[in-house]
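Hi,

Here is the model I promised to pass along.

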Amino acid sequence: RSDGDSAFTPDPSASILAAPPAGVPLPANAEAFVFRGNPAESLADFGARLSERYPQANLLYGSAADVPREPSVDTIQIVSVNPATRFDIGHAQGGRADGRWCSADGLCPAGAARRLDTFSVETFVTVRSVRQRQAKSANEVLDTWAEKTLYIVDRPLPGLCRRSRIVRIREVLVDPLRLAVQAIASKNAELLQAIEENKLIDSRGGGKQSFSMLLSGVVDAAVNGGALKNYAILIAEDQTMLAKTYPEILEAFSSPDSALAWGKTLRDHLELQLDLLDQALGIHARVCAESVRPLHDFLVGRFQSMQRQARFALDHTSEELAQEALGMNQV
């Protein structure tokens with residue numbers, strides 16, 4: 001299908017056939033594949049096609065753990081997958097301990113990143129949110145880890161074949177700090193893409209509605225949580241409060257220096273986001289329609305609040321940040 005920038009990508013409904021959890025061998029009579037779905041085909045439509053071809057089969061949707069170990073009838077399990085990003089692959093391979101492979105300096109627009117991630121794909125991924133600690137803390141973001149299952153195929157997609165055999169399955173557990181870097185970097189890439197698309201527009205009302213929606217989503221998320229409430233302890237240059245309150249996050253890194261490097265990467269992306277938003281709002285003021293002007297003025301006010309919060313988070317110690325963030329979490 002075309003994703004709007006002339007790049008051919010696997011359909012989102014690309015599906016896995018009979019894929020087991022990582023570390024669990026396939027039954028002797030089973031095989032696993034990644035299929036490229038038809039354009040705009042839903043997972044249900046894909047399942048309907050399989051039902052027509054294999055009318056006696058029992059179709060299962062969802063987690064690989066739901067597949068019976070000794071099915072009484074032929075079983076086809078269908079799971080939706082996405083192309084693994086460079087972030088997913090880098091982390092699964094051990095990455096660079098200092099996090100430079102996802103640094104803010106190497107950021108490219110979202111469209112270019114999407115072309116890189118969806119061309120000649122050999123690794124696909126599913127993601128499930130998990131919690132490492134038994135009791136919840138006051139910060140849900142720092143409680144949430146990601147369990148990513150990567151499926152490596154024998155032939156890259158898209159290609160001449162509609163399916164590719166899964167030859168290896170691997171599970172990785174991603175900590176909240178690395179997830180924060182990935183989330184902020186992804187939004188920064190979208191902002192960079194929007195700036196590139198709109199900076200040459202010279203008429204009022206020429207900006208797309210998606211531009212306004214992107215700015216609204218980023219600014220609102222940052223003000224309602226963002227750097228101070230969610231990431232304050234992660235970006236502090238000392239790890240005192242992180243070691244006291246979330247030791248499991250530190251344990252996810254090979255060394256304290258590695259955790260510090262990832263914290264610096266997060267700081268760099270947060271600072272970059274402030275610069276990108278400043279540029280984007282300047283362009284938005286010039287290209288937004290008159291009917292959107294009230295929203296623009298509102299976003300400018302919210303952005304000023306976001307700047308104050310972010311600067312506080314970037315300029316204070318972990319204990320000062322923890323006290324401020326605690327107050328915000330209790331409101």
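This is a predicted model: local features need pLDDT of at least 70, side-chain atom pairs count only at pLDDT 80 or more; totals for chains, interfaces and linings use all residues.

Now for the helix pair I had in mind. Helix α5 covers residues 176-198 and helix α10 covers residues 256-287; they pack at an angle of about 25 degrees, and their axes lie 9 Å apart. That angle is why α5 and α10 go down as roughly parallel to each other. Their crossing is left-handed. As for what sits in the contact of α5 with α10, there are 18 nonpolar residues, along with seven polar and three charged ones.

Stepping back to the whole protein chain, you'll find 12 helices and eight strands in it. The chain has 331 residues, and buried ones make up 46% of them. I also looked at contacts between residues at least 6 apart in sequence: 71% of these join residues at least 24 apart.

Two leucines are worth a click in your viewer. Leu299 is in helix α11, which runs over residues 293-315. Is Leu299 buried or exposed? Its relative accessible area is 0%, so Leu299 is buried. Leaving out residues up to four places away in sequence, Leu299 touches Ser212, Leu215, Ser216, Val219 and Leu281. Gly217 is 82 residues away from Leu299 in sequence, yet their C-alpha atoms are 9.9 Å apart in space.

Leu43, in turn, belongs to helix α1 (residues 43-53). With a relative accessible area of 25%, Leu43 is partly exposed, because that class lies between the 20% and 50% cut-offs. Along the chain, Leu43 and Tyr61 are 18 residues apart, and 8.9 Å separates their C-alpha atoms.

Last, the cysteines, in case you were wondering about them. How many disulfides does the structure hold? The count is zero. For Cys161, the relative accessibility is 34%, so Cys161 counts as partly exposed. Cys288 comes out at 4% relative accessibility and therefore counts as buried.

That's what I have for now.

Cheers

How values were computed
Residues are numbered from 1 along each chain as its sequence is written. Side-chain values use heavy atoms; hydrogens and water are left out. A disulfide is a pair of cysteine sulfur atoms within 2.5 Å. Buried means under 20% relative accessible area, exposed over 50%, partly exposed in between (1.4 Å probe, protein chains only). Axes are lines fitted to C-alpha atoms, for helices over the stretch in contact, and angles run from 0 to 180 degrees between N-to-C directions. Helices (H or I, at least four residues) and strands (E, at least two) are DSSP runs, numbered from the N terminus. Angles under 35 degrees count as roughly parallel, over 145 as roughly antiparallel, 65 to 115 as roughly perpendicular and the rest as oblique. A crossing is left-handed if the near helix is turned anticlockwise from the far one by less than a right angle, and right-handed if clockwise. Ala, Val, Leu, Ile, Met, Phe, Trp, Tyr, Cys and Pro count as nonpolar, Asp, Glu, Lys and Arg as charged, and the others, Gly among them, as polar. Contact means heavy atoms within 4.5 Å.
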